[in-house]
Amino acid sequence: MFGDIKKQFCLRWDEIVLVPGLELGVFLLGELMMVIAVYGMGEKDSIFPLGTVMAIVVPGMLMVFLGMSSLPLYFNILVSMGMSRRRLLPALFGFAFLQNILGVGIAYLFCLLEKWIMQIAYAGIQIEVDLQFLFQWKYIVPVCMAVVALNAVMGALFLKYGNKVYTIFWVLWMMVCIGGQRMGHMLESGQDHAFSRICRRVVDLFYGFSEGGILMAAVLISAGLMAVAYRMLCKQQVML
């Protein structure tokens, strides 16, 4: 399996280069925005590690959509070239997981760099939050597994049902992006309505679980979804 994963790295080197390059670009953009806010607009009460946030969020979104499209592509190509599904699928899942780990590792380096920049260039200004706590293995592994599981399931569904799967996902994604701010305002208003009651019940449901329990549940759910996607893809015919 490790040889097959190595072949994926050789075959898909452009994706490996794309993610660090994007992280660097959005990190620099975040640093520029922070310079403008502090020294151009005089916002010197506190600063926020904007570069680190952008280096996490923007490439993370790319990894979700890139993984959904690349899995069906390489599944069709490599299976049609004679590679067995039982060899290919673990390699695809393993490559995606290691690619996510690599992206997180580069984001961590940018986080350390930004901390140093803030200490030097913005000395005396309060730092609102230190995001370094996010880069712990107990968080990294579940998140990377969840992204792989989402990509695997969406890729398998796409191969089975076609473009309508991506259309439905895109609509749901835009609903969350557009409606997220309104949902936040509804919750902050403190009004008693059906949506706020549902949100409180969901929070109460998870409130009784420990952090370790939630993370373990995320790992198990992700593993289960990958197993479902594996079975679906083992029966999937090539679509060229």
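## Helix packing exercises

What covers the buried residues of α8 includes α3, α4 and α5. Buried here means under 20% relative accessible area, with exposed over 50% and partly exposed in between (1.4 Å probe, protein chains only). The model is predicted, so to speak of local features a pLDDT of at least 70 is needed, while side-chain atom pairs count only at pLDDT 80 or more and totals for chains, interfaces and linings use all residues. Residues are numbered from 1 along each chain as its sequence is written, and side-chain values use heavy atoms, leaving out hydrogens and water.

**Exercise 1. Find the buried residues of α8 and check the span of the helix.**

Step 1: Helices are DSSP runs (H or I, at least four residues), numbered from the N terminus. Helix α8 covers residues 211–234.

Step 2: From its first C-alpha to its last, α8, with 24 residues, reaches 35 Å, close to the 34 Å expected at 1.5 Å a residue. The expected span is 1.5 Å times one less than the number of residues.

Step 3: The buried residues in α8 are L215, S222, M226, A229 and L233.

**Exercise 2. How do α5 and α8 lie relative to each other?**

Step 1: Two packed helices are described by the angle between their axes and the distance between the axes. Axes are lines fitted to C-alpha atoms, for helices over the stretch in contact, and angles run from 0 to 180 degrees between N-to-C directions.

Step 2: The axes of α5 and α8 come within 8 Å and cross at roughly 25°. Angles under 35 degrees count as roughly parallel, over 145 as roughly antiparallel, 65 to 115 as roughly perpendicular and the rest as oblique. Helices α5 and α8 are therefore roughly parallel to each other.

Step 3: The crossing of α5 with α8 is left-handed (the near helix is turned anticlockwise from the far one by less than a right angle; clockwise would be right-handed).

Step 4: In the contact of α5 with α8 there are 20 nonpolar residues, one polar and three charged. Ala, Val, Leu, Ile, Met, Phe, Trp, Tyr, Cys and Pro count as nonpolar, Asp, Glu, Lys and Arg as charged, and the others, Gly among them, as polar.

**Exercise 3. Describe how α4 packs on α3 and on α5.**

Step 1: The axes of α3 (residues 50–80) and α4 (residues 85–121) come within 10 Å, crossing at roughly 165°. That makes α3 roughly antiparallel to α4, and their crossing is right-handed.

Step 2: The residues of the α3 and α4 contact comprise 16 nonpolar, four polar and two charged.

Step 3: For α4 and α5, the axes come within 9 Å and cross at roughly 135°. These two helices, α4 and α5, are therefore oblique to each other, in a right-handed crossing.

Step 4: From α4, F93, A96, F97, N100, I101 and V104 meet W137, I140, V141, C144, M145, V147, V148 and A152 of α5. This contact of α4 with α5 has 13 nonpolar residues, one polar and no charged.

Conventions: Contact means heavy atoms within 4.5 Å.
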